[in-house]
Amino acid sequence: MNESFGIMDEGYFKSSGQILKWINDLLRLNVSKIESLGSGSVYCQVVDAIFPGKVPLSKVNWRAKLDYEFVTNLKILQNCFTKLGIKRYIEVEKLSKCKYQDNLEFIQWLMRFYEVNCNKSPESYDALERRKNVEPDYSFAEKQVIVKLFNQPQQNQQDNQQPAKSQARKPSTQVKQLEPALYKKVVNNTNANINVQNTQVIQNIKDIIQNQNISDSEKVAKIANLLKIESNQ
């Protein structure tokens with residue numbers, strides 16, 4: 001069983017698009033984000049495709065959405081590696097955070113491991129039957145939004161004497177989403193130097209960010225307008 005691949009191995013040059021297509025074809029899924037692999041279920045079933053019956057798929061939570069559920073799935077994978085004698089270390093805590101780079105590196109290795117060690121054709125693996133026709137839910141990765149609101153400390157008198165222009169890009173409430181571009185646009189469109197305490201305003205900002213029916217530009221305009229209104233009150 002070959003499991004050691006150097007950093008220049010062809011497996012580490014596979015793009016996310018190639019990997020997602022391979023996953024979806026092999027497992028009959030519709031995974032669209034590498035981050036969703038952090039739930040652990042895909043990893044478990046890929047190993048099942050290589051070693052049928054060695055992974056207790058009945059224990060896998062196919063609709064996991066929370067960190068602790070991801071950890072449970074990844075520990076199932078870890079136990080299987082131990083029993084199969086696979087020495088690859090699984091960084092459970094890192095993978096369960098659903099970060100792109102951590103999961104990309106692991107799935108690149110796992111895809112290469114499959115290519116080298118699986119002696120069966122992909123068509124011979126009935127992924128749906130193996131998971132009892134369960135349709136996994138990876139919507140958590142599609143809808144995952146990080147909202148971080150915090151108050152800047154009050155400026156001292158010397159800071160207040162600085163030209164307003166130097167403070168224009170530093171609203172005291174910063175709104176961050178997974179896409180950094182949206183955050184930058186909000187900052188660039190908000191000239192207010194404010195200290196948001198109103199919980200309703202904070203909730204309104206969260207609602208805007210999580211709204212899937214409006215574009216990023218509309219979100220930017222709405223959030224910027226909210227911040228400006230709040231600063232004038």
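Helices are DSSP runs of at least four residues, numbered from the N terminus. In this predicted model, the chain reads α-α-α-α-α-α-α-α-α-α-α along the sequence. That amounts to 11 helices and 0 strands. Of the 233 residues, 44% are buried. Among contacts with a separation of 6 or more, 66% join residues 24 or more positions apart.

Asparagine 103 lies in helix H5, residues 100-117. Its relative accessible area is 0%, so asparagine 103 is buried. Beyond its neighbours within four places in sequence, its contacts include Ile34, Glu35, Tyr43, Leu95 and Cys98. Leucine 37 is another contact. The C-alpha atoms of asparagine 103 and leucine 37 are 6.5 Å apart, although 66 residues separate the two in sequence.

The whole structure holds 11 salt bridges. One joins aspartate 48 to arginine 130, with the closest N and O atoms 2.7 Å apart. This pair links helix H2 (residues 41-50) to helix H6 (residues 127-130) across 82 residues. Aspartate 48 is buried, at 0% relative accessibility, whereas arginine 130 is partly exposed at 28%.

A second salt bridge pairs lysine 65 with aspartate 137 at 3.2 Å, N to O. Both residues lie in loops, and 72 residues separate them. Lysine 65 is partly exposed at 45%; aspartate 137 is buried at 12%.

Helix H5 also carries a pair 3 residues apart, glutamate 115 and arginine 112. Their closest N and O atoms are 3.2 Å apart in a salt bridge.

Technical notes. Residues are numbered from 1 along each chain as its sequence is written. This is a predicted model: local features need pLDDT of at least 70, side-chain atom pairs count only at pLDDT 80 or more; totals for chains, interfaces and linings use all residues. Side-chain values use heavy atoms; hydrogens and water are left out. Helices (H or I, at least four residues) and strands (E, at least two) are DSSP runs, numbered from the N terminus. Buried means under 20% relative accessible area, exposed over 50%, partly exposed in between (1.4 Å probe, protein chains only). Contact means heavy atoms within 4.5 Å. A salt bridge is a side-chain nitrogen of Lys or Arg within 4 Å of a carboxyl oxygen of Asp or Glu.
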